[in-house]
Amino acid sequence: MPAKETLDGLRTQGLFGGSLSLGALTLLTGCDISDHESVQKALALVSRWNDRVQAAIFGANRLAPTFAEDEAVKAFRYNAWYGPDRSPRLEDATYRLTLAGQIADKRPWTIDRLHALPRVSQITRHVCVEGWSMIGKWSGIPLRDFLGQIGADTTARYVGFECADGYYEGIDMPTALHPQTLMAFQLSDDILPTRYGYPFKIRIPTKLGFKNPKFVTTIYVTNQQPRGFWTDRGYNWFSGI
Amino acid sequence: MFALRPVIPLPVNGNVTKVSRYLVLWNTITGHFRRDFLPIGPRLFWRDFVAAATFRLQHRLGEYNVVQRVAYWGALGSVAMMLLSGIAIWKPVQTYPLEVLFGGFQGARIVHFVFMTAIVLFIAIHVALVILVPKTFVAMTLGRATAVPHARKGDA
């Protein structure tokens, strides 16, 4: 896993780093405060408080709005920190979904077994932290059904994911058990194309887009808050919507 | 934004919301809103607007003309709309009724942008006018018109 970066790393993201520097300019002209450890600490503290507020207002059964078939975008936007040609190509023959942590049945899953799982479809809005949003149709098994099937300890606090593209994410258990949180094997009624995360992505309409990991290779259940790829780079951890 | 009376020391690390709530409360109790930001009306606004546009509007410290009053109410209203539309964008799922009120997620975004623009315009005009009439700077910072003392009924 990459080393934890400071807010300097965010400047390439433009969004938060830019606004912070702008805020800093208005307070201390000519002085860049984002390097100071105390500033990092203060921002992290606010972000953790933000996590708690979001967890408190999260409705376990409050559904994200769903849309009509014709509102779903067919050519869904590709978004990653690498180009689509560099997406990991997972082979059906060798792919295994690994299970770890507080799970009773940790036998790995093949693509065939995963594809045999019953699917539901939903048309929901994907909201990106970068400021764009797009309505899409995803189909797959609700994560809570899968967690039930593998005997996951749902009294644990978190579910974490590791991915073939080097990504890693984690969510709180209430979100993992939310009825609309899916292991999505299909996008727009087609088997999830490689660049969108074949064999499956975690689709969470109650969280920002970056909390929807693709190319998932490991699911684990834990009481330790899992790290997140972008959270390690300064994004808010809960990132609910 | 407002000439505060009396001077309120702003805590450096304080809770901004708490402070602004206190200011609104204070301004309401002291009658600052009623006394200084009313009356307003289209006819009065037009009168002062024309006077300002033709450079015939007198500026008296501690007294707001109707254009200013309307602008201040507008800025207050804009802040309120920013907060509401901001919450609708922040948690569109958890606060869905608010999103519907703004005509959907996209509607809330547009409302948020429009009122952001309004506040930026207000600040730009506000700062430009302070630069044009620098003597107001001391008054609005200290909460008192020190340069030209001017008595009004109701002032202690």
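A residue is called buried if 20 or more other C-beta atoms lie within 10 Å of its own, exposed if 12 or fewer do, and partly exposed in between, with the C-beta atoms placed from the backbone. By this count, 34% of the 241 residues of chain A are buried. For chain B, which has 156 residues, the figure is 13%.

The structure is a predicted model, in which local features need pLDDT of at least 70 and side-chain atom pairs count only at pLDDT 80 or more, while totals for chains, interfaces and linings use all residues. Residues are numbered from 1 along each chain as its sequence is written, and chains are lettered from A and ligands numbered from 1 in the order in which they are written.

Helices and strands are DSSP runs numbered from the N terminus: a helix is H or I over at least four residues, and a strand is E over at least two. Chain A has five helices and nine strands. Starting at its N terminus, the order is α-α-β-α-β-β-α-β-β-α-β-β-β-β. Chain B has seven helices and zero strands, so its pattern is α-α-α-α-α-α-α.

Two residues are in contact if their C-beta atoms, again placed from the backbone, lie within 7 Å. In chain A, 70% of the contacts between residues at least 6 apart in sequence join residues at least 24 apart. In chain B, residues 24 or more positions apart make up 58% of the contacts with a separation of 6 or more.

Next come the strands of chain A. Two strands pair if DSSP finds at least two bridges between them. Strands of a sheet pair through backbone hydrogen bonds, either parallel or antiparallel. Four strands of chain A form an open sheet in the order β1-β9-β4-β5, with mixed pairing. At its edges stand β1 (98-101) and β5 (168-172) of chain A; each has a single partner strand, so one side of each has no neighbour in the sheet. From one strand to the next, the twist averages 20°. Within this sheet, β4(A), residues 158-163, pairs with β5(A) in the antiparallel sense over five bridges. One residue to look for is F161(A), whose bridge partner in β5(A) is E169(A).

Strands β2 (120-127) and β3 (133-142) of chain A pair in the antiparallel sense over eight bridges. They form a hairpin with five residues between them, and G131(A) in the turn has a positive phi of about 110°. Across the pair, Q122(A) stands opposite W138(A) in β3(A). β2(A) is mostly covered, with six of its eight residues buried.

Helix α6(B) runs over residues 104-132; at 1.5 Å a residue, its 29 residues should span 42 Å, and its end C-alpha atoms are 42 Å apart, which agrees. The expected span is 1.5 Å times one less than the number of residues. The buried residues of α6(B) are F105(B), A108(B), V111(B), H112(B) and F115(B). These residues pack against β2 and β3 of chain A, together with α4 and α5 (96-101) of chain B.

Another helix of chain B, α3(B), covers residues 42-53; its twelve residues should span 16 Å, and the end C-alpha atoms are 16 Å apart. Just after α3(B), F55(B) takes a positive phi of about 60°. The axes of α3(B) and α4(B), residues 66-90, come within 7 Å and cross at roughly 115°. Axes are lines fitted to C-alpha atoms, for helices over the stretch in contact, and angles run from 0 to 180 degrees between N-to-C directions. The two helices are therefore roughly perpendicular, a label given to angles of 65 to 115 degrees. In α3(B), L44(B), F45(B), R47(B), D48(B), F49(B) and A52(B) meet V66(B), V67(B) and V70(B) in α4(B).

Most residues other than glycine have a negative phi, and most peptide bonds are trans. S188(A), in the loop between β6 (182-187) and β7, has a positive phi of about 50° although it is not a glycine. S188(A) counts as partly exposed because it has 17 C-beta neighbours inside 10 Å. D189(A) is found in the loop between β6 and β7 of chain A and has a positive phi of about 70°. With 12 other C-beta atoms within 10 Å, D189(A) is exposed. The peptide bond from Y198(A) to P199(A) is cis, with omega near 10°; P199(A) lies in the loop between β7 (190-191) and β8 (201-203) of chain A.

How values were computed:
Parallel < 35°, antiparallel > 145°, perpendicular 65-115°, else oblique.
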